[in-house]
Amino acid sequence: MASEEASLRALESLMTEFFHNCTTNERKREIEELLNNFAQQIGAWRFCLYFLSSTRNDYVMMYSLTVFENLINKMWLGVPSQDKMEIRSCLPKLLLAHHKTLPYFIRNKLCKVIVDIGRQDWPMFYHDFFTNILQLIQSPVTTPLGLIMLKTTSEELACPREDLSVARKEELRKLLLDQVQTVLGLLTGILESIWDKHSVSSATPPPSPSSGESGGDLLSSLLQSPSAAKLLNQPIPILDTESEYICSLALECLAHLFSWIPLSASITPSLLTTIFHFARFGCDTRARKMSSVNGSSQNSVLGQERGRLGILAMSCINELMSKNCVPMEFEEYLLRMFQQTFYLLQKITKENNAHTVKSRLEELDESYIEKFTDFLRLFVSVHLRRIESYSQFPVVEFLALLFKYTFHQPTHEGYFSCLDIWTLFLDYLTSKIKSRLADKEAVLNRYEDALVLLLTEVLNRIQFRYNQAQLEELDDETLDDDQQTEWQRYLRQSLEVVAKVMELLPTHAFSTLFPVLQDNLEVYLGLQQFVVTSGTGHRLNITAENDCRRLHCSLRDLSSLLQAVGRLAEYFIGDVFAARFNDALTVVERLVKVTLYGSQIKLYNIETAVPSVLKPDLIDVHAQSLAALQAYSHWLAQFYSEVHRQNPEQIISLVSTALEAIIPLISSKAQEKLLLSACHLLVSLATTVRPVFLIRIPAVQKVFNRITDTSAQRLPDKAQVLVCRALSNVLLLPWPNLPENEQQWAVRSTNHASLISALTREYRHLKSSAILPQRKVRLEDNVTDEMLSFFLTLFQGLRVQMGVPFTEQIIQTFLNMFTREQLAESILHEGSTGCRVVEKFLKILQVVVQEPGQVFKPFLPSIISLCMEQVYPIIAERSSPDVKAELFELLFRVLHHNWRYFFKSSVLASVQRGIAEEQMENEAQFSAIMQAFGQSFLQPDIHLFKQNLFYLETLNTKQKLYHKKIFRTTMLFQFVNVLLQVLVHKSHDLLQEEIGIAIYNMASVDFDSFYSAFLTEFLASCDGVDSNQKNVLGRNFKMDRDLPSFTQNVHRLVNDLRYYRLCNDSLPPGTVKL
């Protein structure tokens, strides 16, 4: 024993040294190596058993348990059966003897190690494993320990993480399912007995009149029974610490069990009711009050613990709620669950003298509120369609509660989550109406009041007039991952709800929104009277602090409401154009008026009392009015095409006035936000509306002159491009409603030529004045990048117009330019502009090889040769993803669009034989391309793997790639082999499903060869497994020919192959296997 004692002391000092902050990394590595070597020794576990029972050093205990864990999970097969028996007997005894004194993390680790043994040996060699757990739970002294063991068993055995054979995984799940009823019965008993015991013994004072706990009519209608309502109204018992601990463990067990057991009769009504009793702990504010009144830290911890019971109970409920597959016999239980949860919802949204709803929600634990919101989301997204048909379930009353809950959320995140629930509900309602058009009115009438209330409240929430305190808390500067600020996200989510209500109730929505917009517009349009002339220019004569604050709020609200009006533009066009014409016309007239007013008065350039606040507000309002008008460009287009013949003056007036508002802003002096808004509106008028009279409007002529005048100051690039696009579209796009002979193409063509001439004047001037030396010039990479971008756009849009000779000349120039050396130099700088240049060039070639007809076919050999002999060798061995995706896309396009370059199918042969046996051409190039695809599957880049697998599958779907003789006879099983090895090595686990399907598609070309030859060869080539194991693997792969069974067999083969290798690695060296 002295040696064990000495080893323990040595280990303790090593551990203390390892975790000391003065120990160097090198010394830590030495100690780690020493400890690993010790753990690998046969019999090291005996020392560890001694260490566990004789030390109080946490590090030593943790190390010893890790040695056991490694032994059980990696080496168990090679441990002599006598040793196994000893370990199975000693570890549970150790746990029983010390569980009360061990630190919780050591105790939990020891439980996990014992469960690991159960996972390997129960029931054959460790038959009392589960019985022991049930006995621990039933004995009051060890109940907590039993519950920890039960939860660990559920975690480790129901969905085992370590490698086990598929047969063992299935056996464990079946064994556990056999125990579910007993376990749920035990857990129900524990929770019920603790609740009942404390309900009876705790002398609770009667509720005071102000606490207002009575259920009311809604509760009776929800629960359909006064006794259930009475039961749920009982005061919540006050539990001692031990009871709370046991209840929390029991609820944790239930939550995990519910995550994998199917919904069935084992989940009894009494269990559900008990869970709901505990869910009430989360919405009980008395515990918190009590802790704050008594002030002691113990009481405050008690309050938190009680809240935690509520959170755990809601987790159990949500696990059940998230299951979409509900057996018929379980539907009634679900209904009861909803009724009970809505009782809780009513309880936490109840107003009384002492509490507003918001203050009540603020008192509850934030996690409880999150769980409750999750419940409501699951109810609406998964179960509403099922429950709505029950006449006894009051959906409208539920919506009233959800409304209160939403608009009293204490946090922004909570409010966002509730808006998501309303969005789900509105989507559900929209799709229900579309599928049942006959009773559309009845459905809408049922929900109309709720929807109008929702709309009004969401609109109020985005206005400073009603919600200033909250809105000022929102950040409008920091961008999130979606490139929007917190304020923009808030506004966007709110407007989505407004838009969805508009789709269902257009008239109500419009009549709610428009008057509010009108009020704020009056304030904005009335500012004109406060503009006075001062020495330096114009000034806004509003100076009182209170007035400036009110103006700021009104302008912010106007900006938001303009966005709302713009968001609704889509609900005035299409089939409903005529029905909603007058409303839309009113909106567009107001928007045209307000944009013109903004551009004429130029409020954004006027001096104000608080320029840092009011100037951005005035700029934003003007920009939003332009953007809102732009949103109605599709409506204007429909107005122009349908109505303008009867009343052309109206549309001419609207478009001309809009242009008057735009033109003053197209200036290098305008603020960028206004300039870009004006340019975008101009592009929409020229592209979407494109009326015949547009070019004759003086304002448009002005813009033409401005852009073609070289002496005028150039606009910023973004704006310049937009204006040029608009002017070009005015001339190029056909006028609506006019026959071809009235389009005046000749005049427009001349005008367009002079526009282009004016825009390119300086560029063309360069050519004649510059004297370039007649030799190759190595251009800067970024210049080449821009030039290739230009050529790529040219090829994508105008390759037909460019003509064959010119196109050939460009392609040949590029092919000559990209020599092997040039390519290597460009590609070898990772992520550089050089790589981007090569990628653009490959993109141009992708466009070329996709072109139908024979024009560019002569280039195929040189394109393939460039890919396979020049680009591919440079990138093949590099780990960097640069250029690879583009190269493989080009190779895919070469095959996909030029299949006959490789496979010439003879019509005569197909007639004679009934199938086409193609003649193969350019075989060497085809094989090289396929080999490159195969090589790409051996590399770690998962994106490239996914892309290339998709390309092969597409070629098989469209061109029967896997069936071609050359592929079938020389490549098919090489690909299957590579894909299986990828699954075995778990290198691309995210793509398991896609790989399984691809293997099936390849194998299905010749199932007979797959089963008779390939599978045997594959198993024969597998190292790390013996011949008996190979036979078992072969036998377990059933000869199924349907996709689901086949892929299941593939995953079973891969799983069991890994498991056998693990087992064999765990055997001591020199083990003889029979």
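User: Which residues does W635 touch, not counting residues up to four places away in sequence?

Analyst: A contact means heavy atoms within 4.5 Å. In this predicted model, local features need pLDDT of at least 70, side-chain atom pairs count only at pLDDT 80 or more, and totals for chains, interfaces and linings use all residues. Residues are numbered from 1 along each chain as its sequence is written, and side-chain values use heavy atoms, with hydrogens and water left out. W635 touches F572, I573, F577, F581, A584, L585 and V588, leaving out residues up to four places away in sequence.

User: How many residues are in the largest nonpolar core?

Analyst: In soluble globular proteins, nonpolar side chains tend to be buried together. A nonpolar core is a set of buried Ala, Val, Leu, Ile, Met, Phe, Trp, Tyr and Cys residues joined through side-chain atoms within 4.5 Å. Buried means under 20% relative accessible area, exposed over 50%, and partly exposed in between (1.4 Å probe, protein chains only). Here the largest core has 260 residues, and F68, L91 and W635 touch the most other members. A second, separate core of 102 residues includes L891, A1003, F1010 and F1014.

User: Is L540 buried or exposed?

Analyst: L540 is buried, with a relative accessible area of 2%. L540 touches L527, F530, V531, L551, I606, E607 and T608, again not counting residues up to four places away in sequence.

User: How many disulfides does the structure hold?

Analyst: A disulfide is a pair of cysteine sulfur atoms within 2.5 Å. The structure holds 0. The sulfur of C247 is 12 Å from the closest cysteine sulfur, in C316, so the two are too far apart for a bond.
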